[in-house]
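The following paragraphs lead the reader through a protein structure, from its elements to its side chains. Please keep the sequence and the structure in view.

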Amino acid sequence: SDSQAAYGYGLGLYICRRLVEAHGGRIWAENHPAGGAVFSFTLPCGEIGQDRILPYTGNHVSSDPLVN
């Protein structure tokens, strides 16, 4: 329909969620004070070892207060 052509099928966020969660991350949305929404996500960091991913030992900053 014409409305689907203008707005899409709504699969974008579903795909983003599946990708982020498949990599052990988290995705969320918050209301923006001026209107609309802000979408954020976190992904775990790692350093590539010989045959596995090793934990990242540096510091990271996140806008999510539950992560820091």
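Helices (H or I, at least four residues) and strands (E, at least two) are DSSP runs, numbered from the N terminus. This is a predicted model, in which local features need pLDDT of at least 70 and side-chain atom pairs count only at pLDDT 80 or more, while totals for chains, interfaces and linings use all residues. Residues are numbered from 1 along each chain as its sequence is written, and side-chain values use heavy atoms, with hydrogens and water left out.

The chain contains two helices and four strands, in the order α-α-β-β-β-β from the N terminus. Of its 68 residues, 10% are buried (under 20% relative accessible area; exposed means over 50%, and partly exposed in between, with a 1.4 Å probe and protein chains only).

The partners are Glu 21 and Arg 17, at 3.2 Å from N to O.

Another arginine, Arg 26, lies over the face of Trp 28, 4.5 Å from the ring centre. The rule asks for NZ of Lys or CZ of Arg within 6 Å of the ring centre and within 35 degrees of the ring normal.

Note on methods: A salt bridge is a side-chain nitrogen of Lys or Arg within 4 Å of a carboxyl oxygen of Asp or Glu.
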